[in-house]
Amino acid sequence: MDAFFASVEQRDFPEYRGKPLVVGGLPENRGVVAAASYDARVFGIRSAMPSHKALQLCPHILFVRPRFDVYKKVSSSIREILSRYTDLIEPLSLDEAYLDVSTDKLGIGSAMEIAKQIREAIKNELQLTASAGISINKFVAKIASDINKPDGLTFIGPSKVQAFMENLPVEKFHGVGKVTAAKMKTMQLYTGADLKSLSEKELIKHFGKQGRFYYQIVRGIDNRPVQPHRKTKSVGVEDTFEQDLTALRDMNEELEKIAKKLIERVQRHKLKGRTLTLKIRFNDFSIITRSKSFLHVVDDYANILQTAKELLSKELSDENKQVRLLGITLSNFNEVSIIKNDPSQLSLF
């Protein structure tokens, strides 16, 4: 979907249309941008940006608090449209999914035509726009979907995949973040062709197990199937505070609230995890994570809270540190239950 949260707001409230708009927390509450309309993006505003920075870039920008209940309802309607064409749907979030249309429930016979019909149905029934990428595997289709946004349709056929991947800038590779992209550039690796010049052994040496993935993907190889029922790999809750916290006592109080919300999610899905990760963001926006693995799977409030507090106290021996955000994530689940992918697992902010 194109700027999903912001587009829903502009659809529902005509006074927002054509104006730069951010869905997220208010600047005075130390909020974060969850979504930015395309009118806002021309000012350089992007999701995950601090709201005060968005305000600096565009002083007349509108801020709207998110309405997740509405977004979930719209997402369900989108999912219903997708299911008319195939049962092989792998949701990635509320606004994005992989589709394997080789099943072709309606016998249309063309992936391009299926994508066109889906986009038309979303526009006609929901008054929203979507962009689609069509190719031979998930990785290439994902990148293709971003090329002509908004309201775009991009097809990369089998004969064009190799050239496409070779010409792709490394920062456009799905899964390559800023740190990895910067490292690649220090190694004079700027495009897929540059990555392709290295052997699999060399890539693994420099980038660990991801190196094997880069070796395959730059050659257009991605054998991952579309998984309609993906297992949840982690469940987390985090919160950004209106004022920086400096006292460990105050941080522990916030951890109690976060742990309670986490337990509600974990127990609702009958999950138990072996690894707990604490996330800390400081007032300079630097982030650290600290993890601990248990001998046995856990899903109880006392264990999770106590572990989070221990990790926090070990890290914050320096009383001068100012904390902007705290989060707790539970992962490494046992197989108590296989949940259908739940796109509603959103971080709080």
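Ala181 lies in helix H8, which spans residues 178-186. The model is predicted. Ala181 counts as buried because its relative accessibility is 6%, under the 20% cut-off. Leaving aside residues up to four places away in sequence, Ala181 touches Glu171 and Val176. Phe63 is 118 residues from Ala181 along the chain, and their C-alpha atoms are separated by 32 Å.

**Other buried positions**

Ser37 is found in the loop between strand S2 (33-36) and helix H2 (38-41). Is Ser37 buried or exposed? Its relative accessible area is 0%, so Ser37 is buried. A polar atom of the Ser37 side chain lies 3.5 Å from the backbone oxygen of Lys19. Beyond residues up to four places away in sequence, Ser37 touches Ala3, Ala6, Gln10, Lys19, Pro20 and Leu21.

Ala3 lies in the segment before helix H1 (4-12). Ala3 is itself buried. The table sets out the accessibility values.

| Residue | Relative accessible area |
|---|---|
| Ser37 | 0% |
| Ala3 | 5% |
| Ala181 | 6% |
| Asp104 | 17% |

**Backbone geometry**

Most residues other than glycine have a negative phi, and most peptide bonds are trans. Ala3 has a positive phi, near 45°, and is not a glycine. Asp104 is not a glycine either, yet its phi is positive at about 50°. Asp104 sits in the loop between S5 and helix H5 (111-126). Asp104 counts as buried.

Which peptide bond is cis, with omega near 0°? The bond from Lys149 to Pro150 is. Pro150 is in the loop between helix H6 (138-145) and strand S7 (153-155).

**The S4-S5 hairpin**

Strand S4 (residues 89-93) and strand S5 (residues 96-99) run antiparallel and are joined by 4 bridges. They form a hairpin, with 2 residues between them. Within this pair, Pro91 stands opposite Ala97 in S5.

Strands of a sheet pair through backbone hydrogen bonds, either parallel or antiparallel. Here 4 strands form an open sheet with antiparallel pairing, in the order S8-S11-S9-S10. Which strands are at the edges? Strand S8 (234-245) and strand S10 (287-298) are, each pairing on one side only. On average, neighbouring strands of this sheet are turned by 15° against each other, direction ignored.

S8 runs antiparallel to strand S11 (residues 323-333), and 8 bridges join the two. Gly236 stands opposite Thr329 in S11. H12 packs on the sheet, touching S8, strand S9 (273-282) and S11. The direction of H12 makes about 155° with that of S8. H13 lies across S9, S10 and S11, and runs at about 145° to S10.

**H12 against H13**

Two packed helices are described by the angle between their axes and the distance between the axes. Helix H12 (residues 248-268) and helix H13 (residues 301-315) pack at about 145°, with axes 9 Å apart. The crossing of H12 past H13 is right-handed. From H12, the contact is made by Leu248, Met251, Asn252, Leu255, Glu256, Ala259, Lys260, Leu262 and Ile263. From H13, Tyr301, Ile304, Leu305, Ala308, Lys309, Leu312 and Ser313 take part. How many residues of each class are in this contact? There are 11 nonpolar, 2 polar and 3 charged residues.

Terms used:
Residues are numbered from 1 along each chain as its sequence is written. This is a predicted model: local features need pLDDT of at least 70, side-chain atom pairs count only at pLDDT 80 or more; totals for chains, interfaces and linings use all residues. Side-chain values use heavy atoms; hydrogens and water are left out. Two strands pair if DSSP finds at least two bridges between them. Buried means under 20% relative accessible area, exposed over 50%, partly exposed in between (1.4 Å probe, protein chains only). A polar contact is a pair of N or O atoms within 3.5 Å; within protein, one must be able to donate a hydrogen and the other to accept it, and residues adjacent in sequence count only if both atoms are side-chain atoms. Contact means heavy atoms within 4.5 Å. Axes are lines fitted to C-alpha atoms, for helices over the stretch in contact, and angles run from 0 to 180 degrees between N-to-C directions. A crossing is left-handed if the near helix is turned anticlockwise from the far one by less than a right angle, and right-handed if clockwise. Ala, Val, Leu, Ile, Met, Phe, Trp, Tyr, Cys and Pro count as nonpolar, Asp, Glu, Lys and Arg as charged, and the others, Gly among them, as polar.
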